[in-house]
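Reader: I have a new structure to look at. Where do I begin?
Author: With the view below; then ask about one feature at a time.

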Amino acid sequence: MNKKIIASVCAGAVLLTACSGTAKKTESKSLVVYAFESAYGKDHWEALKASFEKANPGVKVELKVSKEIETELENAIATKKFPDVVYLNKGRDKKVVESIEGANALENLDSLFEEKVDGKALKDIILPTYLNSASLTPYKDNKSKFYAPVFPGTLGLVYNKNLVGEGKEFSIPKTWNDLFAQKVKADAKGISLFTYPTPGYLDAAVPAAIYDKSADLHKAFTNYEKGLYAKQEMKDVLTTFAKLKDVIYPETVANATSEGGYLKNQQAFIDGKALFMPNGTWVIQEMRSYKAGNEKFEGYGFTALPGITNAGKFMGSFEETVFVMKEAKNKDLAKKFIASMYSAENVKVIREKGNGALMPVAGVPELDDLAKNGYEVLNTTFVSTKEVAGVNFKEALYKNLNNVINGTLTAEKWIENVGKANDVLNANINK
Amino acid sequence: MGRKKQQNLFVFFALAPAVICFFAFMILPTVRIFLMSLFEVNKYDAAQTKFVGLNNFITLFTGKIDGTIIPEIPLKIATSLKNTLFLVVIVGIITLFIAILMASILVRENLKFKNLFRIIFYIPNILSIVVIAGIFQAIYEKEFGLLNAVIGFFGMKPVDWLGTGSNTIVLYSLAGAMVWQAVGYYMVMYMASLSTIPEHLYEASALEGAGKIYEFFHITLPLLWGTIRTTLTFFVVSTINLSFVLVTVMAGSRSDNEASVILFEMAKQQSVQGYAMAIGVITFMFSFGVSVVMNAITKRETYEF
């Protein structure tokens, strides 16, 4: 008797799984979307999925939003189950996107920008600054776009409104020398002029200073031009940043090198221990629960990144990107999905559900304000190179600034090391 | 089928699973590490993976890449090996000393709450190493950390336990955490070994008028020697492994190599697999070498009872 029951249950189970298997087969296309769970959260991705499924009956979006998306993506690639749409940025420790780019495994997205959304081509919807951004065209001799720009963030020089500004004790610097010139006054008050959350936050300030020297220098910088760091012009710029040593908030390096310590540096800024720091607009959101410690804090002032000789006018732009892999199964559908992110309706949804994530389209007040205040957005994207063993350019340039500041590395040696990393990468540029 | 043949067949099938697993999960990956270290691996396009001979090792040892020499590369590897060796030696010696002392006190002396102590000493071993790293981060924290609060109570200046710079003590701090987590485990091992030493040896020596310390050095230590030698190899392997997690969590974003250990250097290179595997080969040789040396210098005549 017992055996019979078990047997029939088994049979039933087999039948059920068989049925569900066939049921899946009859279902039409599914689109696999992998998204990194950033500070913007995952709600807007859920909303995008729902709206895309509604607009495209018969399409099922398999959405995976995770903080560990790099591992998931690598596993998926290793088993040849390529996702269709990927939202993940460059500049992360694991360098997954860099490797994919370096292996020429990205799908050309030129046709994406011709797709029509709300009756208009995507290339007419996306703001020109972001549409023509170098971040979309990673390869040196190929002007095709391989990424789509999403969620742009703006980096500038942030100052403490309590102490800096018109009618306040300290003035807003236009150049780095303006900033250094206020040292005596700051020392007298026992305040430091500068801090950074981590030296990586200088990745907009350094390029802006380079661009201020000359646009050609900036071009050489992003193209890893051979011997660039032996040039006096470049040395001048980097030596300026080495001078931060004299004006920096003393705990900066200790904080910048400990886990989560960047928050402490930002707190020091709020507490009025440091006057300026490079940071993005997101810092307001990030520090909302931390600033309680200082009731007097009036708020963040944002201004352009200082220049070297001319008055600074640039804001750094940090564009996040989505891409499609060459090996993806549903490339057309993937492009349709990406295009749908720019529809007027979804732009609104993303903003509401994505903790204030912006889309680079017209009518976004934060982006409009930049132009209104006379700022220009500077995008700095390096040409794609092969991953080279033992060479980490960003570490050499930015992270090692910590060592210059704590005195374990001289400015000359620092510049020399950056130059070496630069020259090696020059020899490994992807064609 | 003859009985002998049957027996052989049984032995074969009984051993097969273990041998297959050992081969698949130990031998094969190890061989693969050696092989992969000779390639420039492209994860996304296997066709682009190419054989580069000893290039990865040349880069590691001389810093030579595409004609440019970056002396920092071999320097970094050397520093990380030095740090690893330092941790192996320091943590090994201190743990060994404390563990044997505790074990012999707990086994030989008539203490109250013996079992309670045993449990307390063993607890760190149950905790995940990540948790331990978290605990010690809270202890060592400069502004609000436990340790600085305690020494502040005695009027001492706060110390930057995990600090950077040229005179950092971060390695000693890491060693402290590693000793804390390892002592219990080795203590239990030594206790097991100690309890097999026959009581009559101690009785006899006591009758002859030997003191506790004399007994320790002339009975306990020689008879424990075999176990100690075995655990030395454990020290090497576990220190290399654990130091990686501790450094990653507690000093991971250190920009410089003051606290870098060899596996950490390897983990940083995950985008260039072949090169990372070359570091893996060096790690393998290193741990193998250290174990051999340790075994050689601790070789003594074995005593039996």
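Author: Start with the word contact, which means heavy atoms within 4.5 Å. Keep in mind that this is a predicted model.

Reader: What do the buried residues of α11(A) pack against?
Author: They pack against α7 (176–180), α9 (205–213), α10 (215–222), α18 (393–399), α19 (401–405) and α20 (411–426) of chain A.

Reader: Which residues of helix α11 of chain A are buried?
Author: Buried means under 20% relative accessible area. In helix α11 (residues 232–242) of chain A, the buried residues are A:M234, A:V237, A:L238, A:T240, A:F241 and A:A242.

Reader: Is A:L48 buried or exposed?
Author: A:L48 has a relative accessible area of 0%, so this residue is buried. A:L48 sits in helix α2 (residues 43–55) of chain A. Set aside its neighbours within four places in sequence, and A:L48 is in contact with A:F337, A:M341, A:N346 and A:I350.

Reader: How many residues along the chain separate A:L48 and A:K95?
Author: They are 47 residues apart along the chain, and 27 Å lies between their C-alpha atoms.

Reader: Where is A:N330 found?
Author: A:N330 is in a loop of chain A, between β10 (314–323) and α15 (331–340). The relative accessible area of A:N330 is 16%, so A:N330 is buried. Beyond its neighbours within four places in sequence, A:N330 is in contact with A:K29, A:S30, A:L31 and A:D84.

Reader: Which members of the largest nonpolar core touch the most other members?
Author: First the general idea. In soluble globular proteins, nonpolar side chains tend to be buried together. Here the largest nonpolar core has 111 residues, and A:F194 and A:W414 touch the most other members. There is also a second, separate core of 65 residues, including A:V59, A:A105, A:L131 and A:V347.

Reader: Now chain B. At what angle do α3 and α9 of chain B pack?
Author: Helix α3 (residues 72–108) of chain B and helix α9 (residues 212–251) of chain B pack at about 140°, and their axes are 9 Å apart. Angles over 145 degrees count as roughly antiparallel. α3(B) and α9(B) are therefore oblique to each other. Their crossing is right-handed.

Reader: Which residues make the contact?
Author: From α3(B), they include B:T84, B:L87, B:V88 and B:G92. From α9(B), they include B:F216, B:L221, B:L224 and B:I228. By class, the contact of α3(B) with α9(B) has eleven nonpolar, seven polar and no charged residues.

Reader: What else is B:T84 in contact with?
Author: B:T84 belongs to helix α3 of chain B. Its relative accessibility is 1%, so B:T84 counts as buried. With its neighbours within four places in sequence left aside, B:T84 is in contact with B:I240, B:V261, B:I262 and B:F286.

Reader: How far apart are the axes of α5 and α7 of chain B?
Author: The axes of helix α5 (residues 129–140) of chain B and helix α7 (residues 170–194) of chain B are 10 Å apart, and the helices pack at about 130°. That angle makes α5(B) oblique to α7(B). The crossing of α5(B) and α7(B) is right-handed.

Reader: Which residues meet there?
Author: B:I129, B:I132, B:F136 and B:Y140 in α5(B) meet B:S173, B:G176, B:A177, B:W180 and B:Q181 in α7(B). Six residues of this contact are nonpolar, three are polar and none is charged.

Note on methods:
Residues are numbered from 1 along each chain as its sequence is written. Chains are lettered from A and ligands numbered from 1 in the order in which they are written. This is a predicted model: local features need pLDDT of at least 70, side-chain atom pairs count only at pLDDT 80 or more; totals for chains, interfaces and linings use all residues. Side-chain values use heavy atoms; hydrogens and water are left out. Axes are lines fitted to C-alpha atoms, for helices over the stretch in contact, and angles run from 0 to 180 degrees between N-to-C directions. Helices (H or I, at least four residues) and strands (E, at least two) are DSSP runs, numbered from the N terminus. Angles under 35 degrees count as roughly parallel, over 145 as roughly antiparallel, 65 to 115 as roughly perpendicular and the rest as oblique. A crossing is left-handed if the near helix is turned anticlockwise from the far one by less than a right angle, and right-handed if clockwise. Ala, Val, Leu, Ile, Met, Phe, Trp, Tyr, Cys and Pro count as nonpolar, Asp, Glu, Lys and Arg as charged, and the others, Gly among them, as polar. A nonpolar core is a set of buried Ala, Val, Leu, Ile, Met, Phe, Trp, Tyr and Cys residues joined through side-chain atoms within 4.5 Å. Buried means under 20% relative accessible area, exposed over 50%, partly exposed in between (1.4 Å probe, protein chains only).
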